[in-house]
Number of protein chains: 2
Amino acid sequence: VLTEHIRFSEPDQNLLLLDQRYLPLREETFACRTTADIVYALQTMVVRGAPAIGVTAAYGCWLALREAGDGAGWRETLSTKLAEIENARPTAVNLRWAVRRMRAVWAALGEASAAALSARWLEEARTVHREDIAANEAMGRFGADLIEDGDTVLTHCNAGALATAGHGTAVGVIYSAWQQGKRIKVIADETRPFLQGARLTAYEVHKAGIPVTVACDNACALLMQKGLVQKVVVGADRIAANGDAANKIGTFGVALIAKEFGVPFYVAAPVSTIDPETPTGDLIPIEDRTPREVTHVGDHQITPQDVPVYNFAFDVTPNRLIAGIITDQGVLRPPYTEAIAKLFKK
Amino acid sequence: VLTEHIRFSEPDQNLLLLDQRYLPLREETFACRTTADIVYALQTMVVRGAPAIGVTAAYGCWLALREAGDGAGWRETLSTKLAEIENARPTAVNLRWAVRRMRAVWAALGEASAAALSARWLEEARTVHREDIAANEAMGRFGADLIEDGDTVLTHCNAGALATAGHGTAVGVIYSAWQQGKRIKVIADETRPFLQGARLTAYEVHKAGIPVTVACDNACALLMQKGLVQKVVVGADRIAANGDAANKIGTFGVALIAKEFGVPFYVAAPVSTIDPETPTGDLIPIEDRTPREVTHVGDHQITPQDVPVYNFAFDVTPNRLIAGIITDQGVLRPPYTEAIAKLFKK
């Protein structure tokens with residue numbers, strides 16, 4: 001399982017990201033030194049996946065501070081840069097969560113010097129990084145109990161190691177089940193338009209030695225009708241206080257089809273992906289991305305000139321379609337409003 | 001609306017097909033002179049769409065006869081070639097239907113010479129061609145009554161002019177509604193893996209001047225949730241005697257999602273697509289096509305080496321999800337077993 005795809009180098013003062021735009025064909029590194037680099041990496045999906053975005057943003061705050069320096073007005077400069085990072089993408093709550101966490105650390109330090117903040121923030125970013133891996137491993141243990149020997153698990157998009165600091169959320173559940181010796185198989189939905197399933201999930205699951213087959217998103221109903229899918233596990237970019245879960249476009253359709261065939265549909269996400277400030281899923285902002293992701297695959301144009309396209313990046317699966325939400329603190333079961341309220345009261 | 005994409009040239013003794021593999025970027029002609037050309041064109045989808053396959057096969061029989069000559073044993077040679085055409089693809093019933101129709105004409109002629117059969121077959125192929133356009137226009141008239149002014153109609157794959165001899169089945173309904181002055185819009189599902197929606201439906205609907213937007217197949221549930229779709233109309237490759245309808249992979253999922261949102265889901269197909277010999281949809285053979293359609297888009301590889309893929313080309317939408325079957329003899333309504341039996345008793 002991949003672990004080095006998000007790597008902070010203190011001596012070089014940069015964040016090294018495995019550039020996910022070129023996978024699975026090329027393994028290139030994208031080095032971030034500035035706030036602009038971080039924002040670019042987030043927006044163009046050099047790095048994507050809610051937890052990975054959070055970890056990247058945490059290190060991004062440290063890079064923003066380095067860039068702001070320690071001259072007069074560094075605090076104002078830094079605040080502006082943090083807002084740029086926080087607003088790089090709208091849907092995943094982890095981005096906002098990570099930047100707020102860094103801001104809270106800064107607030108707790110009071111009128112600290114830039115140097116003092118720098119030391120404390122680096123520690124915090126590394127903690128965010130480490131905690132994410134630990135959360136995924138915990139999630140994996142809880143989730144693996146739901147997977148039976150011989151199951152084929154369908155997953156949509158990439159909620160794998162690449163979408164996190166390591167191990168993954170939905171795919172982390174698969175890795176944990178596999179590590180427990182369960183003989184499972186994976187179906188990776190290719191996940192148009194950005195093809196995270198075909199390119200990323202297939203890449204990392206195959207690399208981990210687990211049998212994986214790629215299916216076009218269109219194949220879901222037929223595969224379930226054929227009895228080829230026993231469980232669905234997907235990640236989430238934001239979970240509302242009532243359990244409605246935003247995830248990659250197409251997830252909602254998979255959930256509806258799974259319901260039709262009685263296939264249990266699980267969402268795996270760390271507690272940091274749950275947003276108690278968003279009461280219901282219809283309030284989650286849905287990112288509208290560049291048409292080019294739909295009109296072209298690589299340099300190959302697939303639509304006619306001058307024909308518009310839709311490219312909403314996420315949809316929201318209603319809580320009623322979700323059999324369980326696998327978190328790092330255990331598996332939540334319906335009714336989710338109560339389960340989530342209880343979690344945040346702890 | 002396109003009409004010249006299937007064109008028989010008697011002086012040149014060939015069938016000229018607009019090569020749909022290169023649309024929308026290049027308009028190239030593929031000339032068929034032999035049975036092998038016809039089989040290649042069908043299998044690689046130079047031409048596709050159940051009715052277009054039927055028309056191509058009818059002319060293909062004539063080419064097979066020319067190739068068989070009139071020497072000793074021409075009848076046996078011809079029979080073998082007809083079987084090759086008939087078996088080029090398994091799912092669309094129109095292929096078998098067309099070849100059987102040509103065989104019936106041959107049988108009716110008794111011990112005719114090759115020359116006599118040739119003249120009669122050319123006439124018959126032209127009749128099949130003409131009848132298909134007429135059937136589509138009739139279907140369009142019946143179907144247009146179901147479309148209201150202001151509707152946005154979602155369609156999956158290409159059941160347009162390109163999928164037929166002209167006008168189209170599902171898209172023919174859209175053309176007819178538009179020609180009646182209804183201000184409608186079209187959403188074309190891109191239809192992975194072969195992208196018939198992004199490449200072909202968008203191309204021909206845009207060319208006809210009707211507003212069309214391409215959506216990834218994954219967007220269906222979100223678009224319906226947003227209230228952006230009022231009707232679904234799709235084509236069919238084979239309709240069983242109980243109304244179960246085989247169509248491009250992903251159609252079944254669209255139908256399930258449409259049911260969830262109360263969006264009427266219609267199938268448009270000529271009576272020749274109904275197969276009274278297939279009692280139910282689960283008996284329709286589903287073609288399993290080359291992995292390369294999934295692993296590559298153009299020359300661009302999207303999946304990792306050595307990872308297998310699923311490429312089932314069709315699925316079957318159960319009759320209970322279908323609000324009406326628009327045929328050239330009127331709109332069939334549930335219960336379909338009775339409606340279809342009545343149609344074939346006429």
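Which strand of chain B pairs with strand 14 of chain A, and in which sense? In this predicted model, strand 14 (residues 309-310) of chain A pairs with strand 6 of chain B in the parallel sense, over two bridges. Strands pair where DSSP finds at least two bridges between them, and the strands (E, at least two residues) and helices (H or I, at least four) are DSSP runs numbered from the N terminus. Within this pairing, A:Val309 stands opposite B:Val214.

The contact (heavy atoms within 4.5 Å) takes 56 residues from chain B and 56 residues from chain A. Together the chains bury about 4500 Å², 71% of it on carbon and sulfur atoms; buried area is the accessible area (1.4 Å probe) lost on putting two parts together, summed over both. On the side of chain B, the most area is lost by B:Asn218, B:Ile302 and B:Tyr310, together 16% of what that side buries.

Six salt bridges are counted between chain B and chain A, each a side-chain nitrogen of Lys or Arg within 4 Å of a carboxyl oxygen of Asp or Glu. A salt bridge joins B:Lys259 to A:Glu260 (3.6 Å, N to O). Among the elements that give two or more residues to the chain B side are helix 7 (196-207), strand 6 (212-215) and helix 9 (251-260). Helix 9 of chain B gives the most, with six residues.

Residues are numbered from 1 along each chain as its sequence is written, and chains are lettered from A in the order in which they are written. Local features need pLDDT of at least 70, side-chain atom pairs count only at pLDDT 80 or more, totals for chains, interfaces and linings use all residues, and side-chain values use heavy atoms, without hydrogens and water.
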